[in-house]
Amino acid sequence: MPKDPFQREIDYLRISVIDRCNLRCVYCMPLRGLSFVPGPELLTCAEIVTVVKAAAGLGFRKVRLTGGEPTLRADLLDIVSGIAGVEGIGDVGMTTNALLLPEMASALVGAGLKRINIHIDSLHPERLKRVMRFGHLDAMLAGLQAAEAAGLRPIKINCVVVRDYNDPDVVEMARLTIEREWHVRFIELMPLGGGTCAQLSLSQFVPSAESRRRIEASLGPLTPLPGGHPSDESRNYRLDGARGVVGFISPVSEPYCGACNRMRLTADGKFHLCLLHDDELDVKKALRNGGGEDDVRRILLEAVSMKPTGHDLDKGVSTEVRSMFQIGG
Ligand code: SAM
Ligand code: SF4
């Protein structure tokens, strides 16, 4: 398994398969001024599978697909089955806004998808629309149900907490875990890409401690859950008698860089070394110049050896080049 200079074992590849999305969450994508990677510049399914084979050969074990919105990629099923068939990859997951899952969930499971993270910021239909612009609560809940019916486990729900948009809704979201075995995780805003979404992410930031206090004031104590994999970015808790888990992902107030095990691949074929830095290495160029798995392995090892650690998010300093929808979270 490749180790970076900080002795972190890097075995988890997050692949953005497309930068387009059917939503425009206020902290992720602006309404205007967007430009997307043209189709021919996206890594093809075969190129993605070559990268995954190279990564598996180095010891990578987990892959997660993301976007933009991954379900908008027309050949997503081929991508999932191609990756699931790579020897050594035990785990293929996906992060999605769930809108298209009613049509796709069982086919995705058939193709080899194992886990799903579903992004829903509120259970209040109007507030959901305000924060996830064009989001439709009933359609997203139908997607969640489809994922569950298709057998995806565990179901993790991502809720990004945004002051004056959905911050009081953390209580109703956490309440879901009482009856369901779902993991509801509250995520602190990160200011990526330097534009209006980054500004909003700074001005509407809510620390996890505040969300936690709000939940405990209404629903009772949250008891910390022991164990967990060190690289799990979520600090996990349980409400008394609950079946599910409440988690807090706190990159700003409690950075977890020391336990990071991730490498990211952008839709346009760059190894992106850290969510919170702009450094990248081009792998598509090598593939399109006739390179194969060995070349990808060499570039990936170089990327791991250059992986930065630490960030200045608490001082408002972050990436300038890519926004969240161009990396995938
Ligand atoms: N469209 C899919 C979705 O929304 O889940 C996958 C891509 S999205 C970029 C991946 C995750 O990034 C989302 O689930 C959301 O929780 C998170 N996210 C997006 N913008 C964020 C921001 N500014 N700060 C923190 N998390 C963010
Ligand atoms: Fe789309 Fe996901 Fe970004 Fe929301 S967070 S705009 S659903 S890519």
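**View 1. The shell around ligand 1 by residue class.** In this predicted model, where local features need pLDDT of at least 70, side-chain atom pairs count only at pLDDT 80 or more, and totals for chains, interfaces and linings use all residues, the shell around ligand 1 is made up of 7 nonpolar, 9 polar and 2 charged residues. Here Ala, Val, Leu, Ile, Met, Phe, Trp, Tyr, Cys and Pro count as nonpolar, Asp, Glu, Lys and Arg as charged, and the others, Gly among them, as polar. Ligand 1 is surrounded by 18 residues, of which Gly68, Glu69, Thr95, His119 and Met190 are the closest, a residue being near a molecule if one of its heavy atoms lies within 4 Å of it. Residues are numbered from 1 along each chain as its sequence is written, chains are lettered from A and ligands numbered from 1 in the order in which they are written, and side-chain values use heavy atoms, with hydrogens and water left out.

**View 2. The salt bridge of Arg262 and Glu233.** The side chains of Arg262 and Glu233 meet at 3.0 Å, N to O, in a salt bridge (a side-chain nitrogen of Lys or Arg within 4 Å of a carboxyl oxygen of Asp or Glu). Arg262 belongs to strand E10 (residues 262-265), whereas Glu233 sits in the loop between strand E7 (222-224) and strand E8 (234-239), so that the pair links distant parts of the chain, 29 residues apart; strands are DSSP runs of at least two residues. Both Arg262 and Glu233 are buried, which means under 20% relative accessible area.

**View 3. The salt bridge of Arg322 and Glu280.** The closest N and O atoms of Arg322 and Glu280 are 2.4 Å apart in this salt bridge. Because Arg322 lies in the segment after helix H10 (293-305) and Glu280 in strand E12 (residues 280-282), the pair ties together parts that are 42 residues apart in sequence; a helix is a DSSP run of at least four residues. Arg322 is buried at a relative accessible area of 9%, while Glu280, at 26%, is partly exposed, a term for values between 20% and 50%.

Methods. Buried < 20%, exposed > 50% of the residue type's maximum accessible area, 1.4 Å probe, protein only.
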